[in-house]
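Subject: Structure handover

Hello,

Here is the structure we talked about. Please open it first, then read the notes below.

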Amino acid sequence: MQQREEKLLDASVESLISRVAHLKNALHSFIYKLENEYERLTWPSVLDNFALLSGQLNTINKLLRNEKTPSFRQQIIIPLLLSPDRDEELAKLTEQRVPVFSHEIVPDHLRTKPDPEVEEQEKQLSAEAARIGTEVAQKQIQTLNKLCSNLLEKLNNPRDDRDADSAAIRQNKPSFNPADTNALVAAVGFGKGLSKCRPPGPVAPGHTGQGPMMSGGPTLQQVTIGGGSGQQQGMGPGAPQQQGQPGMKILNVI
Amino acid sequence: MEAPPVSVLPITGGTINMMEYLLQGSVLDQALESLLHRLRGLCDNMEPETFADHELVYLLKGQQGNPFLLRARRSLSHPTVPWHLRYLGQPEVGDKSRHALVRNCVDVAASHSLPDFLNEMGFRMDHEFVAKGHIFRRGVLKVVVSKLSRILVPGNTENTEPLSLSYLVELSVLAPAGQDTMSEDMRSFAEQLKPLVHLEKIDPKRHM
């Protein structure tokens, strides 16, 4: 009986060691890639690495949960010999990370309790949980379960009308205004709204016809052409008039 | 804005006829950041380039109907850089299936005496505006996101007010005449900017 258990223990420890070694190698190559091939790395390959690590962690978990695995919690590890001398075997086994099996490294490596900070946080959390009270806790548990199930449902059932929903949401916040587009294109194309003699803001026809004519001055001849074909509607030669269309003024100042 | 080739012969002469392929759209101020992020991802990896330009448009009214239009542009952020003089022809009325606006384009660099020179030649300044924004590049494609501002006091580029609450987005390529492959690339790039911006071929004549 003892022997079988011992053999089982040995076998499971061996397989655990090999799985952890795989994980360590994967981490090592990933870190190398991140540090050295930084520019060439693409997001899909980073995701692949993470997937690999996650898969290996999963196998370790499955291994630990396997019914054939004896419970490691019931095993006790006692260091039999501590010496401040350098141990070559140990150094080789641990790739020079642990050269000495001494009093300093034993408390860290053989630690079973969580880190002090983690212990502190756990204490706080359990105090918080005790403080809330059972009904509130129950309600919180129920809300969490509902949220999770909603999310799972949304993720598992791709709905066709999901696209319609998101399109409707996006339409509520338009990112461009076609009227603005036309105004800007007209401004760049032929100066609609930019004509120098045009004061800013909406123009009252007739009033500004006088102002710009005077500010034009003797040195500038300003001719704005409305329309490529030079249409001049209702225009008498030599008479300054203003067309009804905003931005279109024809002045003959000679 | 870009270093233009100097063409010695007149426009109808024997030089390479450069055509500009153009798609235009606009984006509201509040959506500008998302557009800039997307462009930074889609376009070539370069330092984000901003520009501030002052453009003056000169007209020469001939005997016939159509005036001759020249655009003179100077940089407000680099005052010593030469002026950029550009002629843009009428949009080519080719086949309707072409996705971009195509027009003849001649670019030259000019010294700082350009406005005086044009005035002496008989051109008169029709309008001017200030354009400030960002420029991105993807291969030969050039994307310019600019805010147009009206100049309130002629000649004073400090005193400006924005024309609208949007930024103008222009996608353009300069290519020798005859190369029609550009419009397909432009269209696929424009697809990638939807639904933030709708870049399309806008005929300026329609908005006269």
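Two strands pair if DSSP finds at least two bridges between them. Helices (H or I, at least four residues) and strands (E, at least two) are DSSP runs, numbered from the N terminus.

This is a predicted model: local features need pLDDT of at least 70, side-chain atom pairs count only at pLDDT 80 or more, and totals for chains, interfaces and linings use all residues. Residues are numbered from 1 along each chain as its sequence is written, chains are lettered from A and ligands numbered from 1 in the order in which they are written, and side-chain values use heavy atoms, without hydrogens and water.

Strand S2 of chain B

Start with S2(B), residues 49-60. It pairs with strand S6 (residues 124-138) of chain B, antiparallel, over 11 bridges. It also pairs with strand S3 (residues 68-75) of chain B, again antiparallel, over eight bridges. Look at His54(B). Opposite it in S6(B) stands Val130(B). Its bridge partner in S3(B) is Arg74(B). Nine of the 12 residues of S2(B) are buried, so the strand is largely enclosed by the rest of the structure. Buried means under 20% relative accessible area (1.4 Å probe, protein chains only).

Helix H8 of chain A

Just after the helix, Gly191(A) takes a positive phi of about 80°.

Helix pairs

Axes are lines fitted to C-alpha atoms, for helices over the stretch in contact (heavy atoms within 4.5 Å). Angles run from 0 to 180 degrees between N-to-C directions.

In chain A, the axes of H1 (residues 2-36) and H2 (residues 43-65) come within 10 Å and cross at roughly 165°. That makes H1(A) roughly antiparallel to H2(A) (over 145 degrees). Residues of H1(A) that meet H2(A) include Leu16(A), Leu23(A) and Phe30(A).

In chain B, the axes of H1 (residues 32-42) and H3 (residues 182-193) come within 10 Å and cross at roughly 135°. The contact is made by Leu35(B), Arg38(B), Leu39(B) and Leu42(B) of H1(B) and Phe189(B), Gln192(B) and Leu193(B) of H3(B).

Best wishes

Methods:
Buried means under 20% relative accessible area, exposed over 50%, partly exposed in between (1.4 Å probe, protein chains only). Angles under 35 degrees count as roughly parallel, over 145 as roughly antiparallel, 65 to 115 as roughly perpendicular and the rest as oblique.
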